[in-house]
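Here are a few exercises on strands and how they pair. Have the structure open and try each task before reading its solution.

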Amino acid sequence: MDMALLSQDVSTHIALIKDKQISAQELAELQYRYIQRVNPKINAFLQTALPKCAPQETRTGSVFQGICIGVKDNIDVKGFATTAGMATRIGRQAKQDAFVINRLRQTGAQFIGKLNMHEGALGATNQNEHFGDCHNPHKHGYTPGGSSGGSAAAVASGMVGLSLGTDTMGSVRIPAAYCGIFGFKPSRGAVSNHGSVTCSRVMDNIGPMARSAKDLTLAISVMKAFDESCAASIDFKAIDCFTASDNKVLLVPENLEGLGVSSDIAADFSANLSAFTDLGYTLQYFDFSDYDFAAARRAGLLLCEADMRVEHQEDWLNQPQKFSEYMRGMLSYIERKTPMDIMQSERVLDNAKIFARQLFKQGCAILMPTVLQRAFSFAQPVPANQADLTSFANQAGLPAVSLPMLSDNILPAGMQIVGPLGSDNQLLDLAERWQEHTQFRYILPSLD
């Protein structure tokens, strides 16, 4: 097994295929064999199929010609079932590709399988009683994060170089951080959700995960487009939403421990700040304790529960026994709430937008840890505040990129950069410059 080749990022794979040092089919077969070898240990892939890669073409736009991508199992890929990690949806074949899948397919991308996830995308551990738990490649028996845990584990283990997940309250960035890779949540409306199973209409975002920042940029360059069939889609080319400026002030939360960040994460984060000052940025500290994270957490969950009851209502009525006890508890909670509770939750989320507007008067982006703790054992209780720092971007509709922190700790952790609406390209450019400056290169964990 050529582990050196498997460990390379997608950008390198594209270059090797273009230079005819390897064919796309040879790479696909190598990845497929590796999936068969290591997936039983990790349980990232729920469905797989070896694609038949077309011969390399030179037509304009063939960005991902022959590159295999893994897809979270709540995004439609024709030829695969879309289970959303739920027993109620087993065998429910996708009749057509989701909008983003179609976009990627047009550039030559191949789809090698569907990836494990937390049931219904409502949870951040990827423990799933219907399909089995997905394990963190860096430590068996530990969470890879969720709900896109399979997407992160597939990339972090080397089974694929690029995967898609969905991020509702941090479900791309949390697993990216726990698994030590890169993850991106786009501006609300920049990437169409059409063809995905809803968790929250106002907070869902489809986003990529990869082993390099450059790969995220490549993916978003294809995925970002206006979709007239998606009510939330925004044509960012047609509006003056963000203009790059000379502002090079990064806003950093003060008193991280007071926000619930563990001491080891806080120490690593502090040690990683110098890379950004080396890049010419000034750090300005601000008080994040004025934001009511607990209220936002409750409001976000309530909106998810309401939307999911609508999304899964037919199954809820006809086959309730197929929902896990965990999911039944979450989705029945909405029955004890009123329409006014829902409206109040939406107003709580409005506060995030207002808070963000005030912050971005002071700096160009927010720099903070992605998660408050490292990956933990499945036997440990799930921290209630697990998604506090990530969910802020979803509540305000902002783009956010998670980067691996440089650390000597065996378990990885991440830091995220959150920017104003429409600043997606600027955030990804900064992530690329950070990686080039630090010379960070992801190293595959040993799975033997």
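This is a predicted model: local features need pLDDT of at least 70, side-chain atom pairs count only at pLDDT 80 or more; totals for chains, interfaces and linings use all residues.

**Exercise 1.** Find out how many of the five residues of strand β11 (residues 414-418) are buried, and on which faces.

Solution. Begin with the terms: strands are DSSP runs of E with at least two residues, numbered from the N terminus, and buried means under 20% relative accessible area, with a 1.4 Å probe and protein chains only. By this cut-off, five of the five residues of β11 are buried.

Residues are numbered from 1 along each chain as its sequence is written, and side-chain values use heavy atoms, leaving out hydrogens and water.

**Exercise 2.** Work out in which sense β10 (residues 400-404) pairs with β11, and over how many bridges.

Solution. Two strands pair if DSSP finds at least two bridges between them. β10 and β11 have five, in the antiparallel sense; Leu403 has Met415 of β11 as its bridge partner. On to β9 (residues 365-369): four bridges join β9 to β11, again antiparallel, and Leu367 stands opposite Ile417.

**Exercise 3.** Which strands stand at the edges of the sheet?

Solution. Write down the order of this open, mixed sheet of eleven strands: β1-β3-β2-β4-β6-β5-β10-β11-β9-β7-β8. β1 (45-48) and β8 (282-286) stand at the edges; each has a single partner strand, so one side of each lacks a neighbour in the sheet. For β8, look at β7 (residues 249-253), which pairs with β8 in the parallel sense over five bridges; Val252 has Tyr285 as its bridge partner.

Technical notes
Buried means under 20% relative accessible area, exposed over 50%, partly exposed in between (1.4 Å probe, protein chains only).
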